[in-house]
Amino acid sequence: MTEVLATAPAPGFDAPGVEDFNLPPIAGIEGLTKPVLLLIFSAVIIYVLFRLSVRNVQLVPSKGQFLGESFHGLVRNTIARDMIGPEYLRYVPFLTALFAFILVNNLFGIIPMIQFPTFAHPGVPYALAMIVWLIYMFVGIQHHGLVGFLRVSTWPPDVPWWVRIILTPIEFISNIILRPITLSLRLFGNMFAGHLLLLVFILGGEYMLFVADDLALKLLSPFAFGMGIVFTFFEAFVQVIQAYIFVMLSASYIGTSLADDH
Amino acid sequence: MTGSLNVVGYGLSAIGPGIGVGIVFAAFINGVARQPEARGQLQGIAFIGFALSEALAILGLVLAFVL
């Protein structure tokens, strides 16, 4: 059951809620909504930019090549190498693509005329987290075997037997079941909350300026718009950080699957 | 006065993660102040700790809308 949050002080202002995220289908085609278009658009953008950056590879890189290489280098050096360990190179392409995909889709939230973070719908992060889950389960089972992987992830060494009665189920639930859920919900929740925050400030400011009859409210409306602008910059920060954290945690899950012991 | 009790629940659920995130970054700042060259390594760990404790607040936010 969803309830409309009607906590606004001014009567008549309909506060934005979940229903503002369910956009109508475009051109009457069922299933073709703005987030779906944005997903395709982001894939095209990333493909074109990376293609351009390696179009004419030289020893002394051009500006575009330098940008592409430093993006790849960021993921390789600060995420994959620290988190995964000696075999990190195999996973760098996946992590780079993941980071680029999440980053572009998050930044859609503050780019004018687009202004909708795709991951404000939970379905997309669920799919990404499922891919990450499949990869780290597969890698772990490949590396340790099924029993070995279950032992690594639920059987920490040097623990008294009576602690294991509680610890092993907790480790199983947290490592195998809860990880993909929290991974996706973190991204979804941050994007959803951020977009809702911007909606509240901008729609609230619009209501104060155009709809409300009170002169004081009209005079105070620039503050609401100002806070909207401040939070747009704050959202830019959050969006980059969340993309980073998603990739960082994915790398760390892959790293723990590969680790020989805790 | 009308409103949703869910939001009060979300406020309560944000207290713990708020304290937790504060502790994580306090430890990070302490660590960097004592050993500035370890910044790169500490940064990764700090963000993982931040993400793990923040997850609870995010779950609270989602439940505030879902329930």
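Predicted model: local features only at pLDDT ≥ 70, side-chain atom pairs only at ≥ 80, totals over all residues.
**Chain A as a whole**

- Read from the N terminus on, the elements of chain A follow the order α-α-α-α-α-α-α.
- Taken along the principal axes, the box filled by the C-alpha atoms of chain A is roughly 70 × 60 × 35 Å.
- Chain A has 262 residues, and 31% of them count as buried.

**Helices H6 and H7 of chain A**

- Helix H6 of chain A covers residues 161-211 and helix H7 of chain A covers residues 215-258, and their axes come within 8 Å of each other while crossing at roughly 170°.
- Because angles over 145 degrees count as roughly antiparallel, H6(A) and H7(A) are therefore described as roughly antiparallel to each other.
- Sorted by class, the residues of the contact of H6(A) with H7(A) comprise 18 nonpolar, eight polar and three charged.

**The contact between chains A and B**

- Chain A brings 19 residues to the contact, and chain B brings 17 residues.
- On the side of chain B that touches chain A, the most is given by helix H2 of chain B (residues 39-66), which supplies 13 residues.
- That side of chain B, divided by class, holds ten nonpolar residues, six polar residues and one charged residue.

Notes:
Residues numbered from 1 in each chain as written. Chains lettered and ligands numbered in written order. Axes fitted to C-alpha atoms, helices over the stretch in contact; angles between N-to-C directions. Helix = DSSP H or I, 4+ residues; strand = E, 2+ residues; numbered from the N terminus. Parallel < 35°, antiparallel > 145°, perpendicular 65-115°, else oblique. Nonpolar A, V, L, I, M, F, W, Y, C, P; charged D, E, K, R; others polar. Buried ≥ 20, exposed ≤ 12 C-beta atoms within 10 Å, placed from the backbone. Contact = placed C-beta atoms within 7 Å.
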